[in-house]
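Please keep the sequence and the structure in view while reading.

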Amino acid sequence: MNVNFINPFLQSLLNVISTMASMDLTPGKPQVKTDNLAKGDVSGLIGMVGPQTKGSLSITFEQKLVLQIMQNMLGENPGKINEEVTDLVGEITNMVTGGAKNLLGQKGYEFEMATPMVVSGKGHTISHKANGTKIIMPFTSPHGTAFIEICFEN
């Protein structure tokens, strides 16, 4: 998988969380993911299609972290994952993908974004929209972990 294609998504996640939630995430080590089981409690998934590639991105948050992000961004904390939290995760997924789209556009990569889907619950699964290698990377904070997954067709 092309690192030049992945890095803008990672940069964009760090930028969105830092700018919008005044929170720093620490990137971990990327790994190949072999199953569809989400590592956290709520996930945003978005498909992307362009002339050069087809793929999808998901961002999964542990409950404690997403509630802190919501507290920092909106001044609200419902104490559990509800409709407002899932809306926020969809919006964060949109912002991260949009930021990456801008960075990739500067390098000549173009793609269209679908509307994000959000799935929540312990043990939920993520079905990527491409047949390719899935890369997962953790981002840690004192409030919990977020995981970004990227899958593009080869």
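Is the crossing of H1 and H3 left-handed or right-handed? The crossing of H1 and H3 is right-handed, a crossing being right-handed if the near helix is turned clockwise from the far one by less than a right angle, and left-handed if anticlockwise. This is a predicted model, in which local features need pLDDT of at least 70 and side-chain atom pairs count only at pLDDT 80 or more, while totals for chains, interfaces and linings use all residues. Residues are numbered from 1 along each chain as its sequence is written, and side-chain values use heavy atoms, with hydrogens and water left out.

Helices (H or I, at least four residues) and strands (E, at least two) are DSSP runs numbered from the N terminus. The axes of H1 (residues 3-21) and H3 (residues 83-105), which are lines fitted to C-alpha atoms over the stretch in contact, with angles from 0 to 180 degrees between N-to-C directions, come within 8 Å and cross at roughly 130°. That angle makes H1 oblique to H3, since angles under 35 degrees count as roughly parallel, over 145 as roughly antiparallel, 65 to 115 as roughly perpendicular and the rest as oblique. Contact means heavy atoms within 4.5 Å, and the residues that make it include Phe5, Ser12 and Val16 of H1 and Val96, Gly99 and Ala100 of H3.

| Residue | Relative accessible area | Class |
|---|---|---|
| Ser12 | 4% | buried |
| Ser22 | 65% | exposed |

Ser12 lies in helix H1 and touches Met95, Val96, Gly99 and Ala100, not counting residues up to four places away in sequence. Ser22, by contrast, is found in the loop between H1 and strand S1 (26-27), and Ser22 has a positive phi of about 50° although it is not a glycine. Most residues other than glycine have a negative phi.

Helix H3 has 23 residues and reaches 33 Å from its first C-alpha to its last, close to the 33 Å expected at 1.5 Å a residue, where the expected span is 1.5 Å times one less than the number of residues. Its buried residues, among them Val85, Leu88 and Ile92, pack against H1, S3, S4, H2, strand S5 (112-113) and strand S6 (117-120).

In helix H2, Leu65, Val66, Leu67, Ile69 and Met70 are buried, and just after H2, Gly75 takes a positive phi of about 70°.

Terms used: Buried < 20%, exposed > 50% of the residue type's maximum accessible area, 1.4 Å probe, protein only.
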